[in-house]
Amino acid sequence: MKILVTGGAGYIGSHTIVELIQAGYDVLAIDNFDNSYPYVLDNLAKITGRTIAFEKVDIRDKSALKSYFQLHKDIDAVIHFAANKAVGESVAKPLKYYENNVGGTVNLLEAMQEANIDQIVFSSSCTVYGEANPPVNENAPIPIAQSPYGNTKQICEEILHDQTIATDLKVVALRYFNPVGAHESALIGELPIGIPNNLVPFITQTAIGKREILTVFGNDYPTPDGTCIRDYIHVVDLALAHVAAIDFLTQKKYTDSFSVFNLGTGRGNSVLEVIQTFEAVCGVKLNYQIGPRRAGDVVQVYAACEKAANELGWKTKKTLEECMLSAWKWEKAIASNTLN
Ligand code: NAD
Ligand code: UFG
């Protein structure tokens, strides 16, 4: 079976390529390196012992996508990661997000339809739930999106759903909770450009000395320690869920042509718990302060995971401790400048 991965040089895409190859799938990848680097492909080859069949393609370029599919006629399914993902930037530049995330997905679906490829796994986000009562299951209502980024995920889910009604397309939409950590080899991981928005890269960059101090955004929330609660999922567990989703599609285990699954641990951890876990397992004292709340943060969100367990046969295996250790090992690898 041949799987095309869009955004294959990115954080989650690169980890998924490793697990797909290790599960015996043939993998093709495309990316435009908007938020990633070509050396990731070399490091994927080091991890897997395979050269990655890669082409630089921008999914905004419809004719390039169509030509790509004409050259690669034997693709069985697509995993679609390519998108922009910075929530704050999406508020400042909404058209960039609608063009890339929504327009790029429409281009991809058109090219797939023309090439008679009718199976896709889509990267969605728990952001579609907004402020909900955890544990959140897949039937929770989808409120109006809090950001253009979140809206692109809602719109893409709807487009994909509509396309399953109009054509033979089969879709698995995966709603990720908070992906963290890195591959145990420390050859691939998350590469935030500029100042990180997300908690774990900010923790590791502060610990290594790239940032002076971590600010905890609010400790007056209605939670046990006053800080926000999230469901932090190890990126390798997340990657394995994509292999399970591809098995689910290609082995026709679905009952509906549009299936949606939460991907989380089912466990909620507060910001302070994450910091304390990092300090304990990595043996580093973190310089942090309590600051004001960040606009737009939900109080607490964590996944109900039963659907993925029952239908995909997948659940997470890695602990928060393993998440922190691998993120720290990755930060040290970046600092030692041995990645490329
Ligand atoms: P990432 O930025 O590391 O990876 C995305 C990759 O897509 C990058 O390599 C980028 O260069 C590429 N790309 C972007 N636009 C492209 C285009 N027009 N053509 C070709 N390639 C393009 O992000 P990630 O964390 O790996 O996220 C992957 C997917 O998962 C995204 O759709 C994201 O919205 C979604 N997601 C991520 C998170 C998270 O916290 N990381 C949470 C929920 C959902
Ligand atoms: N946090 C801090 N200090 C920081 C960074 C984050 O205290 O420097 C806190 C946040 O306030 C939040 C928690 O750490 O309580 C997690 O924040 P992240 O930014 O790591 O993650 P979010 O849950 O805010 O963001 C995630 C995804 C987005 C998605 C968003 C929607 O990364 O893609 O959920 O809820 F859109």
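Start with Val298, which in this predicted model sits in the loop that runs between strand E13 (288-291) and helix H10 (306-312). Who does it touch? Setting aside residues up to four places away in sequence, Val298 is in contact with Gly130, Glu131, Gln146, Cys228 and Arg230. For a sense of distance, take Asp247: 51 residues separate it from Val298 in sequence, and their C-alpha atoms are 33 Å apart in space.

In soluble globular proteins, nonpolar side chains tend to be buried together. Here the largest such core has 50 residues, and Leu20, Leu174 and Leu263 have the most contacts inside it. Helix H8 (residues 235-250) gives this core its largest share, 10 residues. Zoom in on Leu20 and, leaving out neighbours within four places in sequence, you'll find it in contact with Ile3, Val5, Tyr25, Val27, Ile79, Val243 and Ile246. There is also a second, separate core of 26 residues, with Leu65, Phe69, Ala82 and Met112 among them.

What about the cysteines? The structure holds 0 disulfides. Cys282 is in none, and the nearest cysteine sulfur, that of Cys323, is 11 Å away. Seen from the other end, the closest cysteine sulfur to that of Cys323 is in Cys282, and at 11 Å it is too far for a bond; a disulfide would need the two sulfur atoms within 2.5 Å. Both residues are tucked away from solvent: Cys282 is buried at 14% relative accessible area, and Cys323 is buried at 0%.

Methods
Residues numbered from 1 in each chain as written. Chains lettered and ligands numbered in written order. Predicted model: local features only at pLDDT ≥ 70, side-chain atom pairs only at ≥ 80, totals over all residues. Heavy atoms only, no water. Core = buried A, V, L, I, M, F, W, Y, C linked by side-chain atoms within 4.5 Å. Buried < 20%, exposed > 50% of the residue type's maximum accessible area, 1.4 Å probe, protein only. Helix = DSSP H or I, 4+ residues; strand = E, 2+ residues; numbered from the N terminus. Contact = heavy atoms within 4.5 Å.
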